[in-house]
Structures are given as structure tokens and as C-alpha cells.
Amino acid sequence: MAEADWEQPEGSGAPTVGERVRSLRRSAGLSQAELADGRFSKEYVSQIERGKTRPTDETLEWLADRLATDREFLEYGVSRADAERLEIAVHDAELLNESGRYEEALHAFRRARDQAGPAVAPSFSLRLRLGEAWADIRTGELELAMMLLEEAAALAVGAGFTDVDRAAVVFQVGVVRYSESKIGEALVLFEQSLVLVQGSDLASDRLRSDVFHWRARCHRRNRDWVAAGEDIERALELAEACADDRRAADALFQASLVAQRQGRWVLARTYAERSRQLFDALGDRATVARLLNNLAGLSHLRGDDDRAIELLEEAFGMFVELGLAVDAGYVCSSLAAIRLDRGELTAAEENARKALDLLNGRVDHLQEIGMAQLILGRARARDGELDDAEEWIAAADDTFQQAKSMGHRSFAWLAKGDVETLRGSDAAAAGYYRRAARALQEET
């Protein structure tokens with residue numbers, strides 16, 4: 001067994017293998033010579049107890065039998081029965097992550113970590129940290145996620161871990177950077193993760209699918225639709241190759257968004273409906289509701305606003321029922337945009353303000369916060385409240401700047417130009433329009 005698979009982290013304060021052997025020997029009333037029982041010398045037992053010698057797997061089994069315990073307890077301070085209970089707890093928490101129930105997963109991982117204590121196999125410790133970090137990422141707790149990932153990285157560089165383990169850590173750090181709108185850093189990390197995975201002989205199709213999926217999101221943020229489409233195709237192929245319906249459904253969802261941005265609305269709807277069917281079969285009502293939001297956007301683009309509002313209201317009800325405030329905020333933002341287009345200014349303002357309340361300043365959802373601020377500003381401008389409108393549009397511009405999205409900033413500059421036009425300041429308006437046009441040209 002590799003050394004990293006049994007030693008406790010330096011400075012962890014957890015008992016070592018030798019200390020557990022000594023404690024159990026004394027409790028049994030045995031001397032070192034009696035424990036050795038002629039199989040080993042007294043000096044060899046002493047070396048084990050003082051941590052000077054690493055016992056082999058066979059020796060651990062023999063010592064465990066002599067001390068009326070099991071090998072797992074000698075190695076990790078956790079009995080076989082406790083280890084099995086912990087395995088079940090972690091597996092259940094991982095299933096919660098897989099099904100998108102991140103708040104529940106977070107609590108489950110924290111309970112499992114408390115249950116495990118400091119004495120746990122490093123491989124198990126890595127699973128706990130990666131699982132909890134993922135739940136933190138998906139609930140917007142990015143600083144907590146990074147603390148766990150730093151611990152995971154320190155574990156993964158040790159002996160006994162593989163490049164796939166290290167790739168999983170690098171991948172999650174990339175998702176954190178993406179969530180912080182550090183798209184360039186995220187792309188570099190996703191590429192590093194792929195290099196690690198591709199250099200491994202171990203099966204890693206699910207991880208590779210995840211990396212391509214999230215790299216496609218980066219390309220979408222950079223408006224590189226061709227690269228986004230290519231990565232989503234790879235993600236979908238890998239998901240289908242390992243018969244993973246959830247990952248296939250996720251990839252189809254992203255494919256729908258890419259096709260929508262490319263103006264391929266029929267294809268986008270086809271992808272969305274296929275994704276919806278898979279998520280419905282999986283019993284994932286939260287993602288079904290997210291797809292309703294997406295399908296509502298496609299209905300709006302096709303001019304069927306009544307159908308779009310119907311779908312959005314259905315999605316909003318589902319999110320409220322599930323307690324998913326951020327997702328409900330996205331729906332409110334979409335409703336605000338449609339109602340602004342329809343000239344329903346009061347309703348648009350109400351929906352935009354509700355969206356901002358629900359999104360609650362989440363740094364991992366800056367673009368949507370900015371869009372709600374922008375819609376509110378445009379509604380106030382059309383209502384004749386130009387000073388208030390200017391403040392909201394400026395807030396949106398600041399938010400888009402934090403999100404490092406030049407394309408979205410161009411929308412804010414167009415809105416600022418419209419406000420100046422309403423004020424009769426044609427020269428100032430023209431300056432904003434030129435600025436927006438240059439930004440859009442650079443984006444394309």
C-alpha cells in the first residue's frame with residue numbers, strides 16, 4: 001500500500017498507526033514481546049509503535065487479529081463497520097449532487113465529514129472535499145469551495161493518487177474561476193484538466209464530458225459559438241458513450257443555448273425538448289423548470305409572447321415550490337424583459353425588482369443581475385424617470401464590468417445613449433452609440 005494511503009497528514013493531531021497499536025496492546029494487557037508472539041521481535045513492534053517502521057498490509061492484518069480489531073481501525077482509526085456507514089453517507093451525498101439538490105448535498109457532506117473526523121483514508125478525504133466543494137460552488141459559496149479545493153489539491157499531489165484525481169481538482173477550480181467571471185483563467189484550467197485526464201490510462205469519460213461542458217460555457221461567454229458547439233458535441237458524445245443520461249441531458253441543454261445564440265431556433269428547440277424529456281425521466285423538476293425558461297425564450301424570439309409568459313409562470317411556480325430563489329430570479333428577469341418589450345412598464349419594473357431581490361447579489365450570477373438592473377433602467381426611462389433610469393443603467397454597467405462581459409456592457413451603453421436621446425443630448429447619445437458599436441464589433 002502506498003505511504004499516502006495510511007499516514008495521517010502532518011500536524012493533523014490524529015493518532016498514528018503505531019499509537020493505535022500501542023493503545024490497544026496496553027488495553028489488552030500485552031507486552032511488546034507478547035504481542036509479537038514469536039512472529040516478530042520485540043524491537044520490531046517497538047519500531048512500529050514509535051512510527052519508525054511502516055507495517056505491511058499482511059502485518060496489519062495479523063496485528064489486527066491479535067488485538068481483536070480490524071485492519072481499517074489500525075490504519076485509519078475507523079472500524080470496518082464505521083467505514084461502511086461512512087461510505088453509504090458519502091455515496092448518498094454524491095447522489096444529491098448528481099441530482100442537483102445542492103443545498104441538501106452540502107449538509108450531507110458536512111455531516112459525513114464530521115462523522116469521519118481527522119482519521120480517514122486520504123482517498124476518502126479527497127472524495128469528501130471534492131463533493132462538498134462542488135455543492136459550495138453550485139450554491140454560490142465560492143470562497144468556501146476554494147478552501148476545500150486547496151485541501152484537496154494538497155492531498156491529490158501525494159503518492160497513491162492518479163492524474164484523474166488531480167484533474168478532478170483542477171476542473172473544479174476552473175468552475176470556480178468561471179463562476180467568478182475569470183474566463184481566461186477557467187479556460188487554462190480546463191485545458192490543464194484535459195491534459196491530465198488524457199494522459200491517464202484510467203476510465204474518465206464522465207470527467208472529460210464535464211470539462212468539455214464547462215469549457216463550452218466559457219466559449220459561450222466569449223461569444224465563440226463555433227468552439228462552444230464543438231465542445232458541447234464532445235461532451236454529449238462522451239456522456240452517451242458511458243450511458244449517462246444526466247450528463248447527456250446537461251449537454252443537450254447547453255447545445256440548445258448555443259444554437260439559440262446562433263439564431264438556429266428550430267434546432268435549439270429540438271435540443272431543449274430532448275433535454276427536457278431526459279430530465280423529466282430522471283425526476284429532476286428543477287432542471288425541467290430551467291428548460292421551461294429556455295423554451296419560453298425561444299417562444300419570445302418567435303413572437304409568441306403569450307406562450308412565453310405561460311411557460312415562465314409555470315417555471316416560476318416550480319422554482320418557488322422547490323425553494324430555488326436564484327432560478328426564480330432568472331424567471332422574473334425573463335418576464336421583465338418580455339413585459340418591457342410589450343410596453344407593460346409597471347409589470348416590467350415589478351418583475352425586475354423581484355429578480356434583484358431573489359438573485360440577492362450572487363457573484364456567480366452577475367450577468368443576470370446586470371440584465372435585471374438594465375431592464376429596470378430602461379423601464380424607468382420609458383416612464384420618464386430619466387435620473388432614476390440613469391442610476392440603474394450605470395449600476396448594470398458596473399455589474400457587467402465585474403462580470404468582464406464587454407458584449408453586455410455594450411447593451412448598457414446603448415441604454416445610456418437612449419437616455420441621452422430622451423434628454424435631447426444628441427451628441428452625448430451618439431458617443432454612447434459609437435462606443436457600443438465598437439464593442440459589438442470587437443465581440444464578433
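This is a predicted model: local features need pLDDT of at least 70, side-chain atom pairs count only at pLDDT 80 or more; totals for chains, interfaces and linings use all residues.
I looked up Arg 246 first: its side chain makes a polar contact with the side chain of Asp 284 at 2.8 Å (a pair of N or O atoms within 3.5 Å; within protein, one must be able to donate a hydrogen and the other to accept it, and residues adjacent in sequence count only if both atoms are side-chain atoms). Residues are numbered from 1 along each chain as its sequence is written, and side-chain values use heavy atoms, with hydrogens and water left out.

Is Arg 246 buried or exposed? I found Arg 246 buried, because its relative accessible area is 13% (buried is under 20%, exposed over 50%, partly exposed in between, with a 1.4 Å probe and protein chains only). Arg 246 sits in helix H14, residues 245-261 (helices are DSSP runs of H or I, at least four residues, numbered from the N terminus).

Next I checked helices H15 (residues 265-282) and H16 (residues 285-301): their axes come within 9 Å and cross at roughly 160 degrees (axes are lines fitted to C-alpha atoms over the stretch in contact, and angles run from 0 to 180 degrees between N-to-C directions). That makes H15 roughly antiparallel to H16 (angles over 145 degrees; under 35 is roughly parallel).

Last, H20 (residues 366-382) and H22 (residues 406-423) pack at about 10 degrees, axes 11 Å apart. So I noted H20 and H22 as roughly parallel to each other.

Key. Helices (H or I, at least four residues) and strands (E, at least two) are DSSP runs, numbered from the N terminus. Angles under 35 degrees count as roughly parallel, over 145 as roughly antiparallel, 65 to 115 as roughly perpendicular and the rest as oblique.
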